[in-house]
Amino acid sequence: TLMAERKRFLPIASLPDMPAEDSVEAVSDAVRMQRTLLGLIEALGEPDTSILLMKYYYNRKSGEIAAALGMQPAAVRKRCTRALKRLKQALSEEESI
């Protein structure tokens, strides 16, 4: 089930910060961007949040994601494509603020 699958993953808030760069400013910018990105991914809602996290954070294949979420692999791929477009739009809006 989705809940059983999600319990195996780390909560978004507990994801490690990005590796340190040469300057405090660079680290701060990287952490801010990571938190912004994760927040925008969470805002997509389910199942899109789970799909993107499983695919890009946990490196799962569409078939594995589909089995975990009770979906067809083609539906996972389509939702992933649409979610990435929405995420790109949200990032563009975030940068313009």
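Tutor: Start with exposure: buried means under 20% relative accessible area, exposed means over 50%, and partly exposed lies in between (1.4 Å probe, protein chains only). The model is predicted, so local features need pLDDT of at least 70 and side-chain atom pairs pLDDT 80 or more, while totals for chains, interfaces and linings use all residues. Residues are numbered from 1 along each chain as its sequence is written, and side-chain values use heavy atoms, without hydrogens and water.

Now the rings. There is one aromatic pair (Phe, Tyr or six-membered Trp ring centres within 6.5 Å; planes under 30 degrees apart are stacked, over 60 edge-to-face, the rest tilted). Tyr-57 and Tyr-58 make this pair, edge-to-face, with 4.8 Å between centres and 85° between planes. Tyr-57 is partly exposed because its relative accessibility is 38%. Tyr-58, at 25%, is partly exposed too.

Step back to Tyr-56. The charged end of Lys-55 sits over its ring, 5.8 Å from the centre (Lys NZ or Arg CZ within 6 Å of the centre and within 35 degrees of the ring normal).

Next, the helices (DSSP runs of H or I, at least four residues, numbered from the N terminus). H3 and H5 pack at about 95°, axes 9 Å apart (lines fitted to C-alpha atoms over the stretch in contact; angles run from 0 to 180 degrees between N-to-C directions). They are therefore roughly perpendicular (65 to 115 degrees; under 35 is roughly parallel, over 145 roughly antiparallel, the rest oblique). Lys-55 and Tyr-56 are among the H3 residues in this contact (heavy atoms within 4.5 Å). Ile-51 of H3 takes part as well. Beyond its neighbours within four places in sequence, Ile-51 touches residues including Ile-65, Val-76 and Cys-80.

Note on methods
Helices (H or I, at least four residues) and strands (E, at least two) are DSSP runs, numbered from the N terminus.
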